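Here is a friendly walk through the strands and sheets of this model. Have the structure open beside you as you read.

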Amino acid sequence: MKSIAPQAARYRKNMTEYVSKAIALGVYLRSEKDKEVSFFSEKLGKFKATLVSGAKITSKFSQHCDVLNCVETRVVYKSRFTVTDVLLVNRFPLVRGNIPMLKRAIMLAHFLDKNMPDSVPDAVFWHNLYSGLDNGIIDFHKHLARLGYDAEHASCFMCKSRNIKAFSFQTQDFLCEACGFKMRGNEIVLNI
Ligand SMILES: [Zn+2]
């Protein structure tokens, strides 16, 4: 395994370094060697960072950055973020031990990855997300409301029922239970 330490040292000369707890929302292959991780972090909000050599199976950073893991990240910024260190904080065993809950959590992570604005820290959202994952509660209602999707005043986009129970990630509309069940699939989350 090639150490990234010399590279990190070079970066530190004229780069801003940040340390923050962060939850991995998505992990992507960016080249033969490198991966990119989308994080939601306590201090920086959402950001994407390169994991140099993260595609190698021996990459310790890559192992720590599984989707839904909370890690303490050390990153530097120069035109883009690069990860220079990762410490595993929490793998959220209550969520990982329950397959239906894990599926919901992965859907939530995917939604946040695609729809959260970059670089907008939100201490309340951070607390809600972390404590929910830690306690095995995936409360879409609460998370969506914080992002501006208000289920309280919404009606089903199919039948106009006010009894909202589902949300479509694809169209970003709310649905009642019956319509949500009818349209169920990868992009519909039930029992929000
Ligand atoms: Zn409906």
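## A pair to start from

Arg74 stands opposite Asp85 in S5. This belongs to the antiparallel pairing of strand S4 (residues 70–77) with strand S5 (residues 81–90), where eight bridges join the two. Strands here are DSSP runs of E with at least two residues, and helices are runs of H or I with at least four, both numbered from the N terminus. Two strands count as paired if DSSP finds at least two bridges between them.

A word on the ground rules: this is a predicted model, in which local features need pLDDT of at least 70, side-chain atom pairs count only at pLDDT 80 or more, and totals for chains, interfaces and linings use all residues. Residues are numbered from 1 along each chain as its sequence is written.

## The barrel

S4 and S5 are part of a barrel that five strands close in the order S1-S2-S3-S5-S4, with mixed pairing. Neighbouring strands of this sheet are turned by 50° against each other on average, direction ignored. Axes are lines fitted to C-alpha atoms, for helices over the stretch in contact, and angles run from 0 to 180 degrees between N-to-C directions.

S2 takes part in two hairpins. With S1 there are five residues between the strands, and seven bridges join this antiparallel pair; Gly26 stands opposite Ser38 in S2. With strand S3 (residues 45–51), S2 pairs in the antiparallel sense over seven bridges, three residues lie between the two strands, and Val37 faces Ala49 in S3 as its opposite number.

## Around S2

How enclosed is S2 by the rest of the structure? It is largely enclosed, because six of its seven residues are buried. Buried means that 20 or more other C-beta atoms, placed from the backbone, lie within 10 Å of the residue's own.

Helix H4 (residues 99–115) lies across strand S1 (16–29) and strand S2 (35–41), running at about 115° to S1. Contact means that the C-beta atoms of two residues, placed from the backbone, lie within 7 Å.

## The open sheet

Three further strands form an open sheet in the order S7-S6-S8, with antiparallel pairing. S7 and strand S8 (188–190) stand at the edges with a single partner strand each, so one side of each has no neighbour in the sheet. On average, neighbouring strands of this sheet are turned by 30° against each other, direction ignored.

Strand S6 (residues 164–168) and strand S7 (residues 173–176) pair over four bridges, and Ser168 has Asp173 as its bridge partner. Four residues separate S6 and S7 in their hairpin, where Gln172 in the turn has a positive phi of about 60°. S6 is joined to S8 by three bridges, and Ala166 stands opposite Leu190 in S8.

Key
Buried ≥ 20, exposed ≤ 12 C-beta atoms within 10 Å, placed from the backbone.
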